[in-house]
Amino acid sequence: MVQKLKEFKGLLFFLLLFLLVISCQNYYKASTKSSSSANLDSLQSVNRYFVLRNGTKAYAMKNLVLSPEKNTVQVQLDSLSWLHKLHLTNGYKGKLRYKKSKIDHYPVLNEVHFYIPYDSSIQEQSSFTLALDKIQKIEVLEKDKTRTTNSYVLGAIGYTAGALALAAIIIAATKSSCPFVSAYNGDGFSLQGEIYGGAIYPQLARHDYLPLKLSASPNGNYGVKISNELQEIQYTDLAELWVISHKNNVKVLPDVEGNLHSISQPQKPLSASFASRNNVLKFISEPNDLKTFYFDDSTSKDGVNELTLQFTRPASAQSAKLLLNLKNSYWLDYLYGELAKGFGSYYATYVKSQRKKTATELMKWVKEQKIPLEVTIKTNEGWKVVTEINTIGPLANRELVIPINLDGVDTGNLELKLRCGFMFWELDAAAIDYSSSDDFILEKLPPASAIDEAGKNVTALLLTEDGKHLEQPAIGNVATIEFAGTPQQQGLTRSFILHSKGYYEHIREFTGKADIKFLRQFTTPNAFALYGLKQYKKFAKTDLQLMAVQIPD
């Protein structure tokens, strides 16, 4: 193999050189831009990945929370993903260039870089308070149609400009699709997640149950914001706050249907095996530990990946509660975007035709393409499906409970499998709970008030599930909702869930003809998962070729 590689090295060199000459060059650049609130509109974008540049070191920034005084932001620092290291060397070959064919290049267009003077106290995988007056500049990397990509730089910013820029970037946030939900946490509103993900047609409108980290505001009420940050039209029919009072040592969480379950004795898995990485237990043993398991087995023949979990089981247990902390991947979002582009200028017509289908017909395709996360259990009669989890978006992890009936399951270790298309989901933690249901008190609070960004009272639109929607058709639309606080019972703690219902529609303006050959493949079951796997291998192959032959400048 090595000898053959040497024999073809010259041929490969000229082939690659030829491809480089005839192919389009893709660049990004740093353009100076004022930090006025008007100009900050250009920062509205999608898929933002935040990077802290500390001297020569760089860290991923997660869970950004702006202080009430707007002079600091609290962040969680993590190691920088291999997908986001291109700008550390000023692009491909140091020329502010990226290659669309390389999987670790295109994410550069979705990054925000914060530059600060070197601070030796900063540690990876730790909390950090970023003072805005210490920020030297902010780079927002985006596409430049003039040279094919670009970056905006907000340089030499001080306290006021920094607060405005950071607030705008946080609002622009991380991701396309689904309404964003923020909740008051005692210091300000922090991003919590997305609601009714994947419900992109009216007939797919569905209920959603989002756990919130929520604190009472100074007036005793609870504050939640539902906002549109992206190119879509959002329709919310209902928003109510569930307040659950329970014991301090108990956690109460919803399942996919909105049924509540108490968790008091969660147990870690005995084992977690994945085909390409036999033992992955360390990635899913603890929630919020900055370790994540990715369904990314590229050795799979059909693009479907499986994680097998084993748990101890008490002989007397007749039911169990599987606890998952998870989210969708940005890879899934990228793939769906590529699929949508294939329709070209026909996209709007295609969407209209989809609206004529039933929800069952639409979900049939979704399930056939392995987009939901399938949970199965090993029984005396073989593997059986427990449930399928709909998409919840890649913005933030969400905790879910999957109730499991153990009838027909032998005593001994409990064995479960999680299955989905290649890299469609990410799992932070998994646990099992056999404890009996604990008592809790549930209060369902309707909105006391809901005011939109123009000061209009929209409370009536969110009170009941009546088909009258809060419509949010543009970026920057936000409804600030207050729920009246109630007295807390002594000796109990509280958990919060936002119960909502709605759907949303993408706004896309593609040009050119529809790629019929490309689109036709997705009429076959499992084609989307296979497409994702093929795309990944294509990027990986390109990387290997470039490593095999070093092309001179």
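**Cavity, sheet and salt bridge**

Reply: The lining of the largest cavity has five nonpolar, one polar and two charged residues, where Ala, Val, Leu, Ile, Met, Phe, Trp, Tyr, Cys and Pro count as nonpolar, Asp, Glu, Lys and Arg as charged, and the others, Gly among them, as polar. This is a predicted model, in which local features need pLDDT of at least 70 and side-chain atom pairs count only at pLDDT 80 or more, while totals for chains, interfaces and linings use all residues. Residues are numbered from 1 along each chain as its sequence is written, and side-chain values use heavy atoms, with hydrogens and water left out.

Me: What makes a space a cavity, and which residues line the largest cavity?

Reply: On a 1 Å grid over the protein atoms alone, a cavity is a set of points where a 1.4 Å probe fits but cannot get out, and lining residues have an atom within 4 Å of a point. For the largest cavity these are I200, Y201, Y336, Y347, V351, R355, E505 and H506. Helix α6 (347-354) and strand β32 (493-506) each supply at least two of the lining residues; helices (H or I, at least four residues) and strands (E, at least two) are DSSP runs, numbered from the N terminus.

Me: How much space lies in the largest cavity?

Reply: About 50 Å³, taken as the space filled by probe spheres set on the points, which are joined across faces, edges and corners. The count is one cavity of 30 Å³ or more.

Me: Why are β20 and β25 at the edges of their sheet?

Reply: The open sheet has four strands in the order β20-β27-β22-β25, with antiparallel pairing. β20 (293-294) and β25 (398-405) each have a single partner strand, so one side of each is left without a neighbour in the sheet.

Me: What makes β22 and β27 a pair?

Reply: Two strands pair if DSSP finds at least two bridges between them. Eight bridges join β22 (residues 319-328) to β27 (residues 425-433), so the pair meets the rule. Within it, L323 has A431 of β27 as its bridge partner.

Me: Why is the contact of E399 and K251 called a salt bridge?

Reply: The term needs a side-chain nitrogen of Lys or Arg within 4 Å of a carboxyl oxygen of Asp or Glu. E399 and K251 meet at 3.1 Å, N to O, and therefore qualify. E399 lies in strand β25 and K251 in strand β16 (residues 251-254), 148 residues apart.

Notes
On a 1 Å grid over the protein atoms alone, a cavity is a set of points where a 1.4 Å probe fits but cannot get out, and a pocket is an open set with protein on both sides within 12 Å along at least five of seven lines; lining residues have an atom within 4 Å of a point.
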